[in-house]
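Trainee: I have a structure open on my screen and would like to learn how to read it. Could you walk me through some features?

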Amino acid sequence: MLKLNHLTGFGSGAAAALPGIGYVSGGSRGSISALTDRLVFATNTTAAATDSNLTGVRYGHAGVSNPNSDGYIAGGTTGPPGWALQVSAEKMAYSTETYATATDADLSAARQFLAGISEGSTNGYFVGGETMNIAEKLVFATDTTAAETDAKLSAIRAQLPGVSDGSTNGYVAGGRANDGTFVAIADKLVFATDTTAAETDADLSFTTRHHGGVSDGSTNGYFGGGLPDGGVITTVDKLVFSTDTSQTSTDSALSVARFGLASVNDNGANGYFLSGSTGATTDKLVFATDTTAAETDADLSSSGYFFGSVSSNSV
């Protein structure tokens, strides 16, 4: 795969921002995969990018981004035989678009179906996961991860995404509780204090798991799709960060009901919900209008679910 020279055309002053690209990696694509698809936001086009594949197959992992620098994925499982849960982390340098093992960033406890949240410049967080309400803080400057006790979820939950306002707070909502029920509960993580607590007004309007989450990185987050009791859905809720309130956003509904989808953000402009249980379909959510529509050229190269995702220009 041809690599871009991201600094071409720029002088010797401040480093130029990298092009906006989303990376959707691993997941189940007929079998457990290491494949990465590369979504170019400027053209809304997606293609397989084998040079950006994970170092090994992985499923049910989470991703966090340090915009314009690096992306990290951690956790999940490598599948059969044994379905062993993983602590291992991998780091992609956006300048080279390649993943490598990042041992110091490994989780403190192996698990799958956890959420990833990025503060935007300094730290990322891996929270929840099957049978756990643990939280871990990844320091971008040192690539080191450690348990952050006060940031753990208010209750054990898995199969849920995270979103961030890009500087102050992160949120997770919905998921599967430890007793097997599906919930609408929202938790808010305050980055300045590394503390997490339930935020009732931010609860989803529906119970769901294996849904997606996107954010404009400053004003609103969106949680959509998933698998509640009764079958897959297209519903999307909009979370207003300034008021910590969520409600259904009808115009933002997915074009196709699905669960296990991937989510990436394009620097305050658009969010993308990719593939999932019903094919390779990609939906693009325009943040300025809260409208969602299918974006055919952005469909993944092969359909699947339970991916990990990062973005080169967004949390």
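Mentor: Gladly! Let's begin with burial: a residue counts as buried when its relative accessible area is under 20%. Keep in mind that this is a predicted model.

Trainee: Is serine 52 buried or exposed?

Mentor: Serine 52 has a relative accessible area of 0%, so it is buried. This serine lies in the loop between β3 (45–48) and β4 (62–66). Leaving out residues up to four places away in sequence, serine 52 touches Tyr23, Thr36, Met92, Glu97 and Tyr99.

Trainee: Where does tyrosine 99 lie?

Mentor: Tyrosine 99 is in strand β7, residues 98–101. With 8% relative accessibility, tyrosine 99 falls below the 20% cut-off and therefore counts as buried. Its contacts, again leaving out residues up to four places away in sequence, include Ser52, Thr36, Met92 and Val310.

Trainee: How do I read the side chains along a strand?

Mentor: In a regular strand, side chains alternate between the two faces of the sheet. Take strand β8, residues 115–118: Ala115 and Ile117 point one way, Gly116 and Ser118 point the other way, and all are buried.

Trainee: Which strand does β8 pair with?

Mentor: Strands of a sheet pair through backbone hydrogen bonds, in a parallel or an antiparallel sense. Here β8 pairs with β9 (residues 123–127) in the antiparallel sense, over four bridges. One of the partners to look for is glycine 124 in β9, the bridge partner of serine 118. The hairpin of β8 and β9 has four residues between the strands, and glycine 120 takes a positive phi near 115° there.

Trainee: In what order do the strands of the four-stranded open sheet come?

Mentor: The order is β17-β18-β19-β20, with antiparallel pairing. β17 (212–215) and β20 (245–248) are the edge strands, each pairing on one side only. On average, neighbouring strands of this sheet are turned by 20° against each other, direction ignored. Inside the sheet, five bridges join β18 (residues 220–224) to β19 (residues 236–240). Glycine 224, for instance, has valine 236 in β19 as its bridge partner.

Trainee: What is the average pLDDT of the chain?

Mentor: The chain averages 94, and 94% of the residues score at least 70. Over residues 1–16, though, pLDDT stays under 50, and the model has 17 contacts beyond four places in sequence for that stretch.

Methods. Residues numbered from 1 in each chain as written. Predicted model: local features only at pLDDT ≥ 70, side-chain atom pairs only at ≥ 80, totals over all residues. Heavy atoms only, no water. Helix = DSSP H or I, 4+ residues; strand = E, 2+ residues; numbered from the N terminus. Buried < 20%, exposed > 50% of the residue type's maximum accessible area, 1.4 Å probe, protein only. Contact = heavy atoms within 4.5 Å. Pairing = 2+ DSSP bridges. Axes fitted to C-alpha atoms, helices over the stretch in contact; angles between N-to-C directions. pLDDT = per-residue confidence, 0-100.
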